[in-house]
Amino acid sequence: MAAETRATAERSAHPATPEQAAELIRSRRTINRFRPEPPPREAVLRALELARWAPNHHLTEPWHFYLIGERTREAIIELNAELVAANKGEEAARDKRESWSAKPGWLAVSCDHSTDELQAWEDYAACACAIHNLALYLWSEGIGVKWTTGPVIRDPRFYDLLWVDPDIETVIGLLWYGYPDETPETHRRTLDCSLVELP
Ligand SMILES: Cc1cc2nc3c(=O)[nH]c(=O)nc-3n(C[C@H](O)[C@H](O)[C@H](O)COP(=O)(O)O)c2cc1C
């Protein structure tokens, strides 16, 4: 085989079999209950490196990732407890403080603002693809993720805690990650509920 042809063949060789790809995609679950030990930082950095390979129109690379350390995490937990207390009372706030304190790994993802409506829409889609890249890769390392979009991520004080300027970026999710203590079951409707075949 000529060297050039061989190089092309090598490039197009898939690193995962279709069965492995299908299993990774199908088995990933949103994890609510984690084991306490945080995954290694290197695993998260590997996932973030891969997140950036998501498709993004015009190569805007609109995503920003915020690795949340202990002090910031505690401040977020308190801020969230305050919001919950105002809405649902002190007992609910205490429960939330407890459940959020048990999340081992924390990061937030934001998306650049765009004055162009179509660009903004597509940039958000790209960020969602990036988050899914991250989640799928972490899953391949046995690490689960929960993407949450609760009210706290829209609070101006949350932006202050992340040092994010809300005129420049929108926080689109808080991601918790860790080794699953429990992997829930879920379901999907059958494909024919979503599929339209055109002539
Ligand atoms: C944009 C987005 C926002 C989400 N926000 C929340 C959330 O705030 N709280 C929550 O419990 N789950 C949230 N989820 C996770 C979904 O509830 C979860 O994906 C869904 O139940 C399907 O489960 P699976 O991820 O295990 O397939 C969010 C998912 C996406 C894509």
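What percentage of the 199 residues in the protein chain is made up of buried residues?

1. **Before you start.** This is a predicted model, in which local features need pLDDT of at least 70 and side-chain atom pairs count only at pLDDT 80 or more, while totals for chains, interfaces and linings use all residues. Residues are numbered from 1 along each chain as its sequence is written.

2. **Burial.** Buried residues make up 24% of the chain. A residue is buried if 20 or more other C-beta atoms lie within 10 Å of its own, exposed if 12 or fewer, and partly exposed in between, with C-beta atoms placed from the backbone.

3. **Overall layout.** You will find seven helices and six strands in the protein chain, in the order α-α-β-α-β-α-α-β-α-β-α-β-β from the N terminus on. Helices (H or I, at least four residues) and strands (E, at least two) are DSSP runs, numbered from the N terminus. The C-alpha atoms fill a box of roughly 70 × 40 × 40 Å along the principal axes.

4. **The core.** The largest nonpolar core has 33 residues, and C127, I131, L134 and L138 have the most contacts inside it. Such a core is a set of buried Ala, Val, Leu, Ile, Met, Phe, Trp, Tyr and Cys residues joined through C-beta atoms within 7 Å. Two or more residues each come from α3 (41–51), β3 (105–112), α6 (117–140), α7 (156–162) and β5. The most come from α6, which gives nine.

5. **Two residues to look up.** I131 touches A51, V109, W147, G173 and L175, leaving out residues up to four places away in sequence; contact means C-beta atoms, placed from the backbone, within 7 Å. Y177 sits in strand β5 (residues 169–178) and counts as buried because 25 other C-beta atoms lie within 10 Å.

6. **A contrasting loop residue.** P151 lies in the loop between β4 (144–148) and α7. P151 is exposed because it has 11 C-beta neighbours inside 10 Å.

7. **Around the ligand.** Now turn to R29, T30, W147, T148, T149, G150 and T186, the residues around the ligand; to be near it, a residue needs its C-beta atom, placed from the backbone, within 6 Å. This shell has one nonpolar, five polar and one charged residues. Ala, Val, Leu, Ile, Met, Phe, Trp, Tyr, Cys and Pro count as nonpolar, Asp, Glu, Lys and Arg as charged, and the others, Gly among them, as polar.

Technical notes: Two residues are in contact if their C-beta atoms, placed from the backbone, lie within 7 Å.
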